[in-house]
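Please keep the sequence and the 3D view at hand while reading.

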Amino acid sequence: MIKQLVTGTLGSLPILAALFLTPCYAQQAPRPVPSGPWYEDDAVFIRIVQRTPEQLNAFYQGREFNQAAIDQILDTCFVTPIIHNKRFDVLWLELDNWQFSRGAQQIPRIERDYWPAKWEQSGLSQAHRSTFGWTLMPEVRDLRLDESVGGSVVIPRQSRPFTLTMNFHSGADKQGPLKTIVFKDLECIIDKP
Amino acid sequence: MHNRQALNRAVVSACLLLVSLPSMAVDTLPKGLLVLDGREAPPLVLNNLDGERWDISEARGRWLFVHFWASWCGPCRKEMPTIQAIFPKFDASQLEIVLVNTAESEDVVFTFLAEVAPDLTPLVDADGSVTQQWQPRGLPSTFFVDPEGRLQYLGLGGRPWDTTEYLRFLQRLVR
């Protein structure tokens, strides 16, 4: 099992953050320990679910997607965070404030507008397009206290580990502390032989 | 003079009470419920699994629990038995539970509900377009529509509707 290095910082408290929060391994949580990478503090709980191509294939086959559409999905890499806002009145999920990277190299996200042309090519029905849309992480969400959100964020398939840096503004007016969580050494999982 | 002061005090007290009423109502909401702005609910005309048409415009005079869900969504699967549990507790003429399945086939919906919520007959939003119009924050989501057809509350994600705090909230609605 890969032990995941996870870093959490509060932007407005860089010194405290440096002293107490960075870098740190994820702490023991009172809930069952998730199987994949995760992070928890008093403000947020985040875990990252990554499905193998075989699992993705089974999921979408179970939803009666055609194979051509599933093949389009399997050409990419799905990273599926689940985020729970435990403390802030509003925690801002804004995917434009997240970065996928490897060293200094940025890895661009595959955004929602990539998919309609793929679905046209593969002849995917409107119902299935709708279902697929609901499985994606919303681009923006004002996560309220005790609200959770989950969904897939898509990047081009990677053969080497990468880092996901999540930046969240907080407060209804986004003037609260900036929260940064870093997941290192994530991978696009492949099926085991 | 004393009478005027007493009257002023009474007026001020009454005003304070009136001002504090909405916040009292909000304070007593269970976790994960948002107060909405009372705008009119979007149209909702769909057939249920039995092929019967249901139209929100014909559902005035009662509270509606309008719940968007899909069987593939983990929190939906966890929440559905709690909706089944509250279903017999409310008279549909006071609080009607309206399930809207998002973009799944009737076979999938039937198979899923037969196991976990056999008393519930969902509406089928076959292509997901009605769900899109309502713009839930995700699946599952539950809107509370008042007897005048206005959106009053939103349940964020899956909620344990059969627990005391949520049951109290639901009972307060229909009281």
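## Helix H5 of chain A

The buried residues of H5(A) are A:Ala127, A:His128, A:Ser130, A:Thr131, A:Phe132, A:Gly133, A:Trp134 and A:Thr135. Buried here means under 20% relative accessible area, exposed means over 50%, and partly exposed is in between, with a 1.4 Å probe and protein chains only. Eight of the 10 residues of H5(A) are buried, and the helix is thus mostly covered. Helices (H or I, at least four residues) and strands (E, at least two) are DSSP runs, numbered from the N terminus.

The cover over the buried residues of H5(A) comes from both chains. In chain A it includes helix H2 (53-62), helix H3 (67-74), E5 and helix H4 (115-122), and in chain B it includes E5 and H4.

## Basis of the model

The model is predicted: local features need pLDDT of at least 70, side-chain atom pairs count only at pLDDT 80 or more, and totals for chains, interfaces and linings use all residues. Residues are numbered from 1 along each chain as its sequence is written, chains are lettered from A and ligands numbered from 1 in the order in which they are written, and side-chain values use heavy atoms, with hydrogens and water left out.

## Interface of chains A and B

Chain A has 15 residues in contact with 19 residues of chain B, where contact means heavy atoms within 4.5 Å. The size of an interface is often given as the accessible area lost when the parts come together. Between chain A and chain B the buried area is about 1400 Å², with carbon and sulfur atoms giving 53% of it; this area is the accessible area (1.4 Å probe) that two parts lose on being put together, summed over both. Of the area that chain A buries against chain B, 40% is supplied by A:Trp134, A:Arg144 and A:Asp146, more than by any other three residues.

Four salt bridges are found across the interface of chain A and chain B, each a side-chain nitrogen of Lys or Arg within 4 Å of a carboxyl oxygen of Asp or Glu. B:Lys31 and A:Asp146 form a salt bridge in which the closest N and O atoms are 3.9 Å apart. On the side of chain A that touches chain B, the elements giving two or more residues are helix H5 (126-135) and strand E9 (140-144) of chain A. H5(A) gives the largest share of that side, six residues. By class, the side has four nonpolar, four polar and seven charged residues; Ala, Val, Leu, Ile, Met, Phe, Trp, Tyr, Cys and Pro count as nonpolar, Asp, Glu, Lys and Arg as charged, and the others, Gly among them, as polar.

## Disulfides

Over all chains there are two disulfides, a disulfide being a pair of cysteine sulfur atoms within 2.5 Å. One is formed by A:Cys77 and A:Cys188, with the sulfur atoms 2.2 Å apart. This link is left-handed, with -105° about the S-S bond. The pair joins distant parts of the chain, 111 residues apart: A:Cys77 is in strand E5 (residues 76-85) of chain A and A:Cys188 in the segment after strand E13 (179-186) of chain A. A:Cys77 has a relative accessible area of 2% and is therefore buried, and A:Cys188 is buried at 8%.

In chain B, B:Cys73 is joined to B:Cys76, S to S 2.1 Å. The link of B:Cys73 and B:Cys76 is right-handed, with 90° about the S-S bond. Both of these cysteines are buried.

## Chain B and backbone details

Five helices and eight strands make up the helix and strand count of chain B. Along the sequence their pattern is α-β-β-β-β-α-β-α-β-α-β-β-α. Of the 175 residues in chain B, 50% are buried.

Most residues other than glycine have a negative phi, and most peptide bonds are trans. The peptide bond from B:Leu139 to B:Pro140 is cis, with omega near -5°, and B:Pro140 lies in the loop between helix H4 (129-134) and strand E7 (141-145) of chain B. A:Asp146, not a glycine, has a positive phi of about 70°; A:Asp146 sits in the loop between E9 and strand E10 (148-150) of chain A and is buried at 16% relative accessibility. B:Ala103, also not a glycine, has a positive phi of about 60°. B:Ala103 is in the loop between strand E5 (95-102) and helix H3 (106-116) of chain B, and at 7% relative accessibility B:Ala103 is buried.
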